[in-house]
Amino acid sequence: MAAAEPRVAVTAPPGYTALAVKFGARQRSPHCLLVKEHRVREGPGDTHPPQRTLFVLNVPPYCSADALSRLFARCGAVQSVDLRDKPGPGEKAEKRTSKFFTNGTATGFRVAYVVFRKPAGVQAAKALSQEGPLLISTESHPVKTGISKWIARYADSVVDREELKAEVDAYMQDYDKKIEEEEAKAAKEEGVPDEEGWVKVTRKGRKPGLPRTEAANLRVLEREKRKKARKELLNFYAWQHRETKREHIAQLRKKFEEDKQRIALMRAQRKFRPY
C-alpha cells in the first residue's frame, strides 16, 4: 500500500485557504489554489449564489473546468464551474451554440467560481487544506500535454466544410428573419404618433437606396483606388527628384537636336527664286 501524501503547509493571504494541488503523481513541487467562500449580494440574474459558491484563485492554464469539477466532486455535488480571466459579476453568460466561431482559450492563470448544490460543499472544499496535495491529472482522467496536446489541438482545428456551411446557412436564415421582423415592425410604426404625439423619423425616404451589389462594390473600390493614386506624393524622395531632373534634361537635349536637324534641312532647301 502506497504511503499517503504528506500535507504541505502553505501561508495563504487573509480570508483565503490554500489548497495544494499537483499536476501528476510524479510532480514534486505542488501548486497552490487560493479558495474562499464567495460572498456578494445576490442579483436577479446572478449565477454565483452565496453560501454555495467557492471562489478559486491562481488556477493554472492546464486545469480545465472539468478538472476542477472532478477535483471538488469529493466535497459534494458540483452544479457548475465558471472559469474566467478575471473576477467579475456572475451575470448569466450568453449560450454559445457555435462550434467554429468562438473566442480563443486563455493561456494564463485564471479564476474560477465553483457552485455546489448544497452549502456544505463549500466548507468541505476549504477543509481539503488538511489533506495532502490533490492530483489534477490521473490515470482515469489524464490531462493531455506535450505532443499529444498539440496533436489533439490540430485535430480540432481541422474544419468540416459541410458542417461549417450548414452552421453559416442556419445563422444567415436567422439573421434574415430577424431583419424582416425589424423592417415589418418599423413599417408598421412608420408615421404613427406615440403616446405623446411624436412621430418617429427613419432613414428611409421616398426613394430608398438600392441594395449594394458586388458590381457596385467593385466600382466603389476602383474609384477609391483612383482617388488614392491621385493623392500619392511625387518627387518626395531625393532620388526621385534627381531622376526627374535627369529625364527633363534628356528631353531638352533631344528636342534641341531635332530642332538643329530641322533648321539644317530648311537651309538646304532654300533657293533663290525671283519668279
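**Reading the sheet and surface of a predicted model**

Tutor: Ser80 has Val115 in β5 as its bridge partner. This is a predicted model, in which local features need pLDDT of at least 70 and side-chain atom pairs count only at pLDDT 80 or more, while totals for chains, interfaces and linings use all residues. Residues are numbered from 1 along each chain as its sequence is written, and side-chain values use heavy atoms, with hydrogens and water left out.

Student: How many helices and strands does the protein chain have?

Tutor: Helices (H or I, at least four residues) and strands (E, at least two) are DSSP runs, numbered from the N terminus. The protein chain has 6 helices and 6 strands. Along the sequence they follow the pattern β-β-β-α-β-β-α-β-α-α-α-α.

Student: In what order do the strands stand in the sheet?

Tutor: Two strands pair if DSSP finds at least two bridges between them. Here the 6 strands form an open sheet with mixed pairing, in the order β4-β5-β3-β2-β1-β6. β4 (78–84) and β6 stand at the edges with a single partner strand each, so one side of each has no neighbour in the sheet. The partner of β4 is β5, paired in the antiparallel sense over 6 bridges.

Student: Which strands pair with β3?

Tutor: Strand β2 (residues 31–37) pairs with β3 in the antiparallel sense over 4 bridges, and Leu34 stands opposite Leu57 in β3. Strand β5 (residues 110–116) also runs antiparallel to β3, joined to β3 by 5 bridges. One of the pairs there is Val59 with Arg110 in β5.

Student: Why is β3 described as largely enclosed?

Tutor: Burial is read from relative accessible area: buried means under 20%, exposed over 50%, and partly exposed in between (1.4 Å probe, protein chains only). In β3 (residues 53–59), 5 of the 7 residues are buried, so the strand is largely enclosed by the rest of the structure. For the protein chain of 275 residues, the buried share is 19%.

Student: What surrounds Thr53 in that strand?

Tutor: A contact means heavy atoms within 4.5 Å. Thr53 lies in β3 and is buried, with a relative accessible area of 0%. Apart from neighbours within four places in sequence, its contacts include Lys36, Glu37, Tyr113 and Val115.

Student: Which backbone oxygen lies 2.5 Å from the side chain of Thr53?

Tutor: A polar contact is a pair of N or O atoms within 3.5 Å; within protein, one must be able to donate a hydrogen and the other to accept it, and residues adjacent in sequence count only if both atoms are side-chain atoms. For the side chain of Thr53, the backbone oxygen at 2.5 Å is that of Pro49. In the loop between α2 (120–126) and β6 (134–135), the side chain of Ser129 reaches the backbone oxygen of Lys126 at 3.2 Å. Ser129 is buried, at 17% relative accessibility.

Student: How many salt bridges does the structure hold?

Tutor: Side chains of opposite charge can pair when their charged atoms come close. A salt bridge is a side-chain nitrogen of Lys or Arg within 4 Å of a carboxyl oxygen of Asp or Glu. The structure holds 5 salt bridges. Among them is Glu37 with Arg39, the closest N and O atoms being 3.3 Å apart. Glu37 is buried at 13% relative accessible area, while Arg39 is exposed at 66%.

Student: Where do Lys165 and Asp169 lie?

Tutor: Both are in helix α4, 4 residues apart, about one turn of the helix. Asp259 is partly exposed at 29% relative accessibility, as is Arg262 at 47%.

Student: Which residues form the nonpolar patch on the surface?

Tutor: Patches take residues with over 30% relative accessible area and no salt bridge, joining like charges within 9 Å and nonpolar side chains (Val, Leu, Ile, Met, Phe, Trp, Tyr) within 5 Å. Areas come from the Shrake-Rupley method with a 1.4 Å probe; for residues, only the protein chains shown count as cover. Phe101, Val168, Tyr171, Met172 and Tyr175 form the patch, with about 530 Å² of accessible area together. Val168 lies in helix α4 (residues 161–189) and is partly exposed at 34% relative accessibility.
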